[in-house]
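Subject: Structure handover

Hello,

Here is the structure I promised to pass on. Please open it first, then read my notes alongside it.

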Amino acid sequence: MLIEVQKLAKVYNGTRGLLPASFGVEQGELIAVVGHNGAGKSTLLKMLASWIIPDSGEVLVDGINLKNRMALVRKIGFVPETPNLFDFFSVEYNFKLFARLFQIPFSRIEEILKEFNLLTYRHNKVQVLSKGLKQRVSIGRTLLADPPVLLFDEPTSGLDFEMTKEVYRLLKSTHASGKTILFTSHRPEEIKTLATRIMLLHQGSLVFDGPPQEYFQSKIYENLYA
Amino acid sequence: MIRNIVTLTLNDLAIAFKNKTIYLILFIPLFVFLSLQFVDQKNEKLQTIQIGLIEHVEYSPVIIESLKAADKLFVISWLATEEEGRRWLKEKKIDGFLLKSEKEPHSLELLVLEKASFRTIAIVEGFSALQIAVEGKSKNWLADIRSLRDSGIQRQTLPTWILMLVLLVGFIVIPAQIAEEKEKKLLLGLLQTPVRECEWLLAKLFLGMILIHLAVIFLHLLGKFEIEDSLSYFAFIGVGSFCFSSFGIFLGFLCRTQASARTLGVLFYLPLLLPSALSDFSQKLHSFAPVLPSYQFYGPIKAILLEGGGISTFPLEWIYLCSVGLITSLFSYLLLKKRWLM
């Protein structure tokens, strides 16, 4: 098991958040975490990325405890819904800053720029880029350190059709390279296209965990979405 | 570790340049320099003068009686020794005190804090008016005026401007930058790299200290202000920049957005600036200000710049500032660990 989650919980103001949830993730899975707004999807991903400190529970990623952030950052990469880039600097500067902090050779930046079709934008300030391009830069920056687990929070939120397709392509190629991916989504077609497994959260509880075919035929899907 | 701190500090400096903070750092000393040109044009109303007399000195009975009679203009304080007079003068308990003149036995010598001040002019005018009223125009009661500080008005206001610069970076610039990093999730992004929380915190402290030192040096270069004891001076600038940068980081952690950080910064900036800077002009402020960290910085800086003091005279103030810096750094570290308002 690559990721083991035991009774992970976070409560905001008494109600919202994630109620104790336990599950495991095998290497190479592409998991869609779905649910209504406020169901706890982003909270779950942010806890795995150390953005939010859990109230309780245990998480092991490749044997590394969630509390060992310094080791875990090399195992988990997180792409937030809104790209958190230094937008008054160029694409290249953003990559170089993270490469320095991860102590990665700059040659890796060239690989990522090429792979993500960002060579022509390398000297552009991030603030002048479209949301889709920013999302590409954000994903590329996360992949610099080559983490085995990737977390995407609403990766296609606010993107147009073309950019959405581009993000699908990136997710698929990243998954094909052997990465384990968890992403949150509201879009049924996105889940059908990408996911190999679905986890449904409802009011902070994990109410479904299984393959997409089973999910779309389940009563719980009908009750919640149909 | 050092490599990360250097990388983060350089990144922070680049951010300071990009978000125009650096322009503020250059603008404020320029503003201060221009303001100093107008300081001499200020006026001051005549108020009751607190005049000190030394108990063992034999003053002319006419002068004593005249001073007592003019109780709306002069309030007499009896002092045990000349040393006590100097101390009271420094503590602003009196405006000046009288000694027997060594040059002219029948005249007096006036000792004031600053010779070139409107307060001293007020004392001399008061004495002159009193003398004319009592004796008509005759030989001056005051033969000489001496001062504890012997520097110009520009230099005398310099400690206030230095305090303003330090507090500006500490309470306006730093909290806004911290809040911006939190608001745009840049800090969380950095914490997804192998950067320790303490490294990030140290980089921010260095940013504040570098900006403060740049501003102070730029002001000195512009105004051509010389420093006698530069070691003591920069020891206090250093510890002050540490204390207020750390305080500013802590304030930044208490805010979710830049706007709230600016507001909170101003709320701390003015109450810490004004009582300390105005303590020279008010007995009440002078007694209240020492509880503020800003005064513990302002007092030694003023003494070093104007009265030839050194760091050895102010070890407690140095320790006080260091302690405030360390305590606020610790709080910031705990808030960072808890991902407070992120």
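This is a predicted model: local features need pLDDT of at least 70, side-chain atom pairs count only at pLDDT 80 or more; totals for chains, interfaces and linings use all residues.

B:Phe253 belongs to the largest nonpolar core, which has 149 residues. Within that core, B:Phe253 and B:Ile162 touch the most other members. Which element gives the largest share of this core? That is helix 6 of chain B, residues 153–183, with 15 residues. Domain 1 (2–36) and domain 3 (153–337) of chain B both contribute residues, so the core lies between them.

Now the domains of chain B. The assignment gives domain 1 (2–36), domain 2 (49–147) and domain 3 (153–337). Taken over C-alpha atoms, the centres of domain 1 and domain 2 of chain B are 49 Å apart.

Next, helix 4 of chain B, residues 82–90. Its residues B:Glu84, B:Gly85 and B:Leu89 are buried. Look down the axis of helix 4 of chain B: the buried residues fall within an arc of 140°, so they line one face of the helix. Just after this helix comes B:Lys92, with a positive phi of about 65°.

On to the sheet in chain A. This is an open sheet of six strands with mixed pairing, in the order 6-7-8-3-9-10. Which strands are at the edges? They are strand 6 (76–79) and strand 10 (205–210) of chain A, each pairing on one side only. On average, neighbouring strands of this sheet are turned by 15° against each other, direction ignored.

Look at one pair in that sheet. Strand 3 (residues 30–34) and strand 9 (residues 197–202) of chain A run parallel and are joined by four bridges. A:Ala32 stands opposite A:Ile198, which is in strand 9 of chain A.

Two helices of chain A go with these strands. Helix 6 of chain A (residues 161–176) packs on the sheet and touches strand 3, strand 7 and strand 8 of chain A. Its direction makes about 155° with that of strand 8 of chain A. Helix 1 of chain A (residues 41–48) lies across strand 3, strand 6, strand 7 (149–152), strand 8 (180–185) and strand 9 of chain A. Helix 1 runs at about 150° to strand 8 of chain A.

How many of the eight residues of helix 1 of chain A are buried? Six are, so the helix is largely enclosed by the rest of the structure. The buried ones are A:Lys41, A:Thr43, A:Leu44, A:Leu45, A:Met47 and A:Leu48. After helix 1 of chain A comes A:Ser50, with a positive phi near 65°.

A:Gln203 sits in the loop between strand 9 and strand 10 of chain A. Its phi is positive, near 50°, and the residue is not glycine. Is A:Gln203 buried or exposed? At 63% relative accessibility, A:Gln203 counts as exposed. B:Arg339 lies in the segment after helix 13 (315–337) of chain B. The phi of B:Arg339 is also positive, near 55°. B:Arg339 is buried, with a relative accessible area of 7%.

Best wishes

Note on methods. Residues are numbered from 1 along each chain as its sequence is written. Chains are lettered from A and ligands numbered from 1 in the order in which they are written. Side-chain values use heavy atoms; hydrogens and water are left out. Two strands pair if DSSP finds at least two bridges between them. Axes are lines fitted to C-alpha atoms, for helices over the stretch in contact, and angles run from 0 to 180 degrees between N-to-C directions. Contact means heavy atoms within 4.5 Å. A nonpolar core is a set of buried Ala, Val, Leu, Ile, Met, Phe, Trp, Tyr and Cys residues joined through side-chain atoms within 4.5 Å. Buried means under 20% relative accessible area, exposed over 50%, partly exposed in between (1.4 Å probe, protein chains only). Domain bounds come from an automatic or database domain assignment. The arc is that of the directions from the helix axis to the C-beta atoms.
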